Amino acid sequence: MLSIQDKSTVPAPLLLALERVRDAADIMPERQLLAQLASELGPEWRAKFQSFNLTPIASASIGQVHSAVLPDGTPVAVKVQFPGVAESIDSDVGNLGLLFNLRILPSGLFVDSILKELRAELKEECDYLVEGRKMTRYRTLVEAHPDLSGFFSVPEVVPGLSTRKVLTTTLVTGAFPLDRLADPSATATSSSLSSGPSSSAPAALPPTVTQAQRDEPGLRLLQLTLARLFA
């Protein structure tokens, strides 16, 4: 869980090490995946899909993403949370507290307040229903502005197939995640940007990304923020 935090919470060297451990994690065994889907979507979950690819198409920090097709033919992305992640929050935060005691993290911080806020943030991160509501809100805001709707691609949540540990959305293709623009080695061709990797199939990318291409998402996000604040 600590690997999904930023440099303001966990020092960069430690964060990099945690990210490497996370990225090296094995995918869920098929038996475990099927059990998680049955637990969240019901024992007859397969009947809710025309097809379901048991091989993940992407990782998702605390879960993995599978492609599927709804009975009406709509392609979707199904994000399935690893079992036990939500239950590990208290122990993870406790381990971070030990790092404070070992003086690995900067001194002079309000440790108790930080840990309390971190615990709440992590628990929210594990609730895919919260993520789904925020995604729907974001999609509504983007669609209300033509300049933004032609630039950002926000997946549509499928409520009947989403729970606290499974999030199903429409599958976005031909887009790439915003966070890839921060990577100096990132490349991109598509004029459409995805709000996140959990529901998108990355587009083929060109050799370089210009500074103007990197700047435009920030400008568009600022437009979205101002529209939300002053609408």
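Among the elements of the protein chain, which are DSSP runs numbered from the N terminus (helices, H or I, of at least four residues; strands, E, of at least two), the lowest mean pLDDT, 49, belongs to strand β8 (residues 193-194), and the highest, 98, to strand β1 (residues 51-52). Here pLDDT is the predictor's confidence in each residue, on a scale from 0 to 100. Over residues 188-193 the pLDDT is below 50, and this stretch has 28 contacts in the model beyond near neighbours in sequence, a contact meaning heavy atoms within 4.5 Å. For the protein chain the mean pLDDT is 77, with 65% of the residues reaching 70 or more. The model is a predicted one, in which local features need pLDDT of at least 70 and side-chain atom pairs count only at pLDDT 80 or more, whereas totals for chains, interfaces and linings use all residues. Residues are numbered from 1 along each chain as its sequence is written, and side-chain values use heavy atoms, with hydrogens and water left out.

The protein chain has seven helices and nine strands. Of its 231 residues, 39% count as buried, where buried means under 20% relative accessible area, exposed over 50%, and partly exposed in between (1.4 Å probe, protein chains only). Among contacts between residues at least 6 apart in sequence, 54% join residues at least 24 apart. Strand β4 (residues 75-81) pairs with β6 in the antiparallel sense over five bridges, strands being taken as paired if DSSP finds at least two bridges between them; within this pairing, Ala77 stands opposite Thr169 in β6. Four of the five residues of β6 are buried, so this strand is largely enclosed by the rest of the structure.

Helix α5 (residues 128-143) has 16 residues, which at 1.5 Å a residue should span 22 Å, and its end C-alpha atoms are 22 Å apart, in agreement with that value; the expected span is 1.5 Å times one less than the number of residues. Buried positions in α5 are Tyr128, Val130, Gly132, Met135, Tyr138 and Val142. The N-terminal end of α5 is capped by Asp127, a side-chain oxygen of which lies 3.0 Å from the backbone nitrogen of Leu129.

Side chains of opposite charge can pair when their charged atoms come close. With a salt bridge defined as a side-chain nitrogen of Lys or Arg within 4 Å of a carboxyl oxygen of Asp or Glu, the count comes to six. In one of them, the side chains of Asp127 and Arg164 meet at 3.0 Å, N to O. Because Asp127 lies in the loop between α4 (111-125) and α5, and Arg164 in the loop between β5 (152-153) and β6 (166-170), the pair ties together parts that are 37 residues apart in sequence. Asp127, at 10% relative accessibility, counts as buried, while Arg164, at 49%, is partly exposed.

Within α5, Arg139 forms a salt bridge with Glu143, the closest N and O atoms being 3.2 Å apart; the two residues are four apart, about one turn of the helix. Both are partly exposed, Arg139 at 23% relative accessibility and Glu143 at 47%. Arg139, Glu143 and Glu156 are linked in a network of salt bridges. In helix α7 (residues 211-230), Arg220 and Glu216 are likewise four residues apart, separated by about one helical turn, and form a salt bridge with closest N and O atoms 2.9 Å apart. Arg220 counts as buried at 18% relative accessibility, whereas Glu216, at 29%, counts as partly exposed.

Methods. Polar contact = N/O pair within 3.5 Å; in protein donor to acceptor, adjacent residues only side chain to side chain.
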